[in-house]
Amino acid sequence: MTWTSSQLLDAFLTTTSEKIIPLTAKGVASGSKVFGAAIFRKSDLSVVVIASNHETSSPLLHGEINCIQHFYALPADQRPPPSECIFFATHEPCSLCLSGITWSGFDNHYFLFTYEDTRDAFNIPHDIRILEEVFKVPTAGESSEDFAKRPLYNKSNAFWTARSVAELVNDLEGGEKQQMEERVKKIKEDYNGLSGVYQGSKGSAGIPLA
């Protein structure tokens, strides 16, 4: 089944508002970050599993990894093949989560907030820093300007294709586009509030914010 950008957006944004944000709020209250994820069936866009970050249990339990763990914990007869699913992350997946998505067999992923959003609006710079320091190798004679312009990862490769919510919104026109922009704006405002709670709890506990 091929879904339009509008249909995908409606599924992503509705699930984020109604399911991921409430779950994330509980995690943030216990000290975990604001990242969440959901897996949908390609056939009808129904939700298979949702999850949020659970770093208070393990630093590896990012929202996406936790979601994959929940997915594979389902009984085999209730779990669709990853190739028949759509993977959605509230924030652009980090290097750990990109690897998890790849090794788990998903052939796509979508995300709402970019790495730059995560760094600037959420004060969490690790995603960009790890990709640049560990994976992004400068070539001989490459200027710092050219190095900075190179993408951090390949968004269309042999394993999967990645697209942002902003790209899906830009596929739309007129009133439909404006309506989706308003929905995205509202969700981002909700996440700003969650981020404030998270950063405030870390700061008050004397824990570095970054």
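Author: What follows goes through the sheet, the cores and a few single residues.

Reader: What are the ground rules?
Author: The model is predicted, with local features needing pLDDT of at least 70 and side-chain atom pairs pLDDT 80 or more, while totals for chains, interfaces and linings use all residues. Residues are numbered from 1 along each chain as its sequence is written, and side-chain values use heavy atoms, with hydrogens and water left out.

Reader: In which order do the five strands of the open sheet come?
Author: The order is β2-β1-β3-β4-β5, with mixed pairing. Helices (H or I, at least four residues) and strands (E, at least two) are DSSP runs numbered from the N terminus, and two strands pair if DSSP finds at least two bridges between them.

Reader: Which strands stand at the edges?
Author: β2 (47–52) and β5 (161–164) do; each has a single partner strand, so one side of each is left without a neighbour in the sheet.

Reader: By how many degrees are neighbouring strands turned against each other?
Author: On average by 20 degrees, ignoring direction. Axes are lines fitted to C-alpha atoms, for helices over the stretch in contact, and angles run from 0 to 180 degrees between N-to-C directions.

Reader: β1 and β3: parallel or antiparallel?
Author: Antiparallel, with five bridges between β1 (residues 36–41) and β3 (residues 85–91). A37 stands opposite A89, and A38 has F88 as its bridge partner.

Reader: And how many bridges join β3 to β4?
Author: Three, and β3 and β4 (residues 108–113) run parallel. H91 is opposite F113 there. The chain gets from β3 to β4 through helix α3 (residues 95–104), in a right-handed β-α-β crossover. Right-handed means that, with the strands pointing away from the viewer, the path from the first strand over the helix to the second runs clockwise.

Reader: How many bridges join β4 to β5?
Author: Four, and those strands also run parallel. One of the pairs is H109 with A162.

Reader: How many residues of β3 are buried?
Author: Seven of the seven, so β3 is largely enclosed by the rest of the structure.

Reader: Switching to the cores. Which residues have the most contacts inside the largest one?
Author: F12, V34, F88 and Y191, in a nonpolar core of 30 residues. Such a core is a set of buried Ala, Val, Leu, Ile, Met, Phe, Trp, Tyr and Cys residues joined through side-chain atoms within 4.5 Å.

Reader: Which element gives the most to this core?
Author: α1, with eight residues.

Reader: What is F88 in contact with?
Author: Leaving aside neighbours within four places in sequence, its contacts (heavy atoms within 4.5 Å) include F12, T16, I20, Y110 and V165.

Reader: Which strands does α2 lie across?
Author: Helix α2 (residues 63–73) lies across β1, β2 and β3, at about 140 degrees to β2.

Reader: Last one. Where is V197 found?
Author: In helix α8. V197 is partly exposed, at 46% relative accessibility.

How values were computed:
Buried < 20%, exposed > 50% of the residue type's maximum accessible area, 1.4 Å probe, protein only.
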